[in-house]
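Work through the exercises below with the model open beside you. Try each task before reading its solution.

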Amino acid sequence: MFSWLGTDDRRKRDPEVFQTVSEGLKKLYKTKLLPLEEHYKFHEFHSPALEDADFDNKPMVLLVGQYSTGKTSFIRYLLEQDFPGMRIGPEPTTDSFIAVMHGTMEGLIPGNALVVDPKKPFRKLNAFGNAFLNRFVCAQLPNPVLESISVIDTPGILSGEKQRISRGYDFAAVLEWFAERVDRIILLFDAHKLDISDEFSEVIKALKNHEDKIRVVLNKADQIETQQLMRVYGALMWSLGKIVNTPEVIRVYIGSFWSHPLLIPDNRKLFEVEEKDLFKDIQSLPRNAALRKLNDLIKRARLAKVHAYIISSLKKEMPTVFGKDNKKKELINSLGEIYSRIEKEHQISPGDFPNLKKMQEQLQAHDLNKFHPLKMKLLDTVDDMLAHDIAQLMVLVRQEETQHPNQGVKGGAFEGTMNGPFGHGYGEGAGEGIDEVEWVVARDKPMYDEIFYTLSPVNGKVTGANAKREMVKSKLPNTVLGKIWKLADIDNDGMLDDEEFALANHLIKVKLEGHELPSELPAHLVPPSKRKVPE
């Protein structure tokens, strides 16, 4: 099957050719990684086998949070319409996993029917049994947002051992299954009642190895005063730091994600900027989907390789006739030492190994004698895939991004402030005076003129050197002042007249007030004498 991999010369004559990234990922997985996974029972220990739908499906966003943190309201806010099966309230209302997806007709598909649909990426969820499938539905509706992404709503997380048992299925394991396949995980917290319950803490730990997908939303932030909000934010970061053991700080977005009036509008500007950043992050998902799937396949391949080394090492140590049970116990107890040996022997990073305690528990249920010894041919095939084929797919990813530069989520709340006076920054900073007949700079021009005439203008203009001496008093970096000069020197003569000088000072004021400078001078900021008269 893999004979064509014999030599580099043969590979050069007969390279893998892929038309699309999705097609390439499917082919590489089935022909090169899946045989290794099946040979060493990877699917019984870690993750079910991937199917075509896993590579073809739209980017998915997973919402996780305690009850009444606004998960369902957040989806309603994004879509700007209700979806089938939606229930919102202060009590624990969502008791099911709801996959909100695009469909030509509104309706609900129950879990048992959903996991037999080959076009949906949920077939392997049947392993969690009827207790879970009875709590899993797909809400389909025609919505422009859902043409680009799908959203997974989850049951509100409560505290206490009783709640965990009453679910009837392994809640953390289901979330871990979704976390491996989604593109973004959004953890929602309620700013008004911030606490991290024991089950929520367990859930966040189950999302380990997927920290790059996690974003945190501090929701309902309009319900508390600015001083309290700062304290809540600090407490949240401290709590997350104890649970998420990463050197990087997780990105936290602050806001109030529902379409109701702000209770305390003091931080409106902050909420608008945070919402814009979060929306930009979500909108980038379709563009980065292929890269995410490629990244996840590489992570899976590395874990599969480590798993093969572990399984083959255990097989090698097992006796063939007597003392099997005692040896099995001994090997499971010393699994940490086996990890260390494999790490040194094969130069593998400690972070690539599966959770030690979980692996020990899983091995109890297996007959170690039925494991296979190390088969280097399978491992060499995966190494070849990582060394050569993945690099070719990376090139194809960039080509697809170039062909579809404007891929992004459209519709719903993502269109709400694109145009008109409620667009981000409209009427502020460089946009101030955009709707006014008079030139906005004229308000402060008398003050700028006084300075202008102290700079010894010649023929109504000041030199660049004289203007520079005044402009550097703003203490802005030279790179910023250089940009301001380029915008203000409209006729590009290396000098500034009184209008251009006033404009330069206006742009300095804009920057000092914390706003960004435009890349090109907006029409309303062009001095009246420099405006072209329509023919």
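This is a predicted model: local features need pLDDT of at least 70, side-chain atom pairs count only at pLDDT 80 or more; totals for chains, interfaces and linings use all residues.

**Exercise 1. Classify the ring pair of Phe122 and Phe136, and say which parts of the chain it ties together.**

Step 1. A pair of aromatic rings is described by the distance of the centres and the angle of the planes.
Step 2. For Phe122 and Phe136 the centres are 5.3 Å apart, with 85 degrees between the planes.
Step 3. Centres within 6.5 Å make a pair, and planes over 60 degrees apart count as edge-to-face. The pair of Phe122 and Phe136 is therefore edge-to-face.
Step 4. Locate the residues. Phe122 is in the loop between α6 (111-114) and α7 (129-133), while Phe136 is in strand β4 (residues 136-141). The pair so links parts 14 residues apart in sequence.
Step 5. Check accessibility. Phe122 is buried at 0% relative accessible area, and Phe136 is buried at 1%.

**Exercise 2. Classify the pair of Trp177 and Phe178, then place it in its aromatic cluster.**

Step 1. The ring centres of Trp177 and Phe178 lie 5.2 Å apart and the planes stand at 90 degrees, so this pair is edge-to-face.
Step 2. Trp177 and Phe178 are both buried.
Step 3. Now widen the view. One aromatic cluster contains Phe97, Phe122, Phe128, Phe132, Phe136, Tyr169, Phe171, Trp177 and Phe178. Both pairs treated so far belong to that cluster.
Step 4. For the whole structure, the count is 20 aromatic pairs.

**Exercise 3. Describe how helices α5 and α12 cross, and which residues make the contact.**

Step 1. The axes of α5 (residues 71-79) and α12 (residues 268-283) come within 13 Å and cross at roughly 80 degrees.
Step 2. An angle of 65 to 115 degrees counts as roughly perpendicular, so α5 is roughly perpendicular to α12.
Step 3. Helix α5 contributes Phe74, Tyr77 and Leu78; α12 contributes Glu275, Leu278, Phe279 and Ile282.
Step 4. Sort these residues by class. The contact has six nonpolar residues, no polar ones and one charged residue. Glu counts as charged, so Glu275 is the charged one.

Terms used
Residues are numbered from 1 along each chain as its sequence is written. Side-chain values use heavy atoms; hydrogens and water are left out. Rings of Phe, Tyr and Trp (its six-membered ring) pair if their centres lie within 6.5 Å; planes under 30 degrees apart count as stacked, over 60 as edge-to-face and the rest as tilted. Helices (H or I, at least four residues) and strands (E, at least two) are DSSP runs, numbered from the N terminus. Buried means under 20% relative accessible area, exposed over 50%, partly exposed in between (1.4 Å probe, protein chains only). Axes are lines fitted to C-alpha atoms, for helices over the stretch in contact, and angles run from 0 to 180 degrees between N-to-C directions. Angles under 35 degrees count as roughly parallel, over 145 as roughly antiparallel, 65 to 115 as roughly perpendicular and the rest as oblique. Contact means heavy atoms within 4.5 Å.
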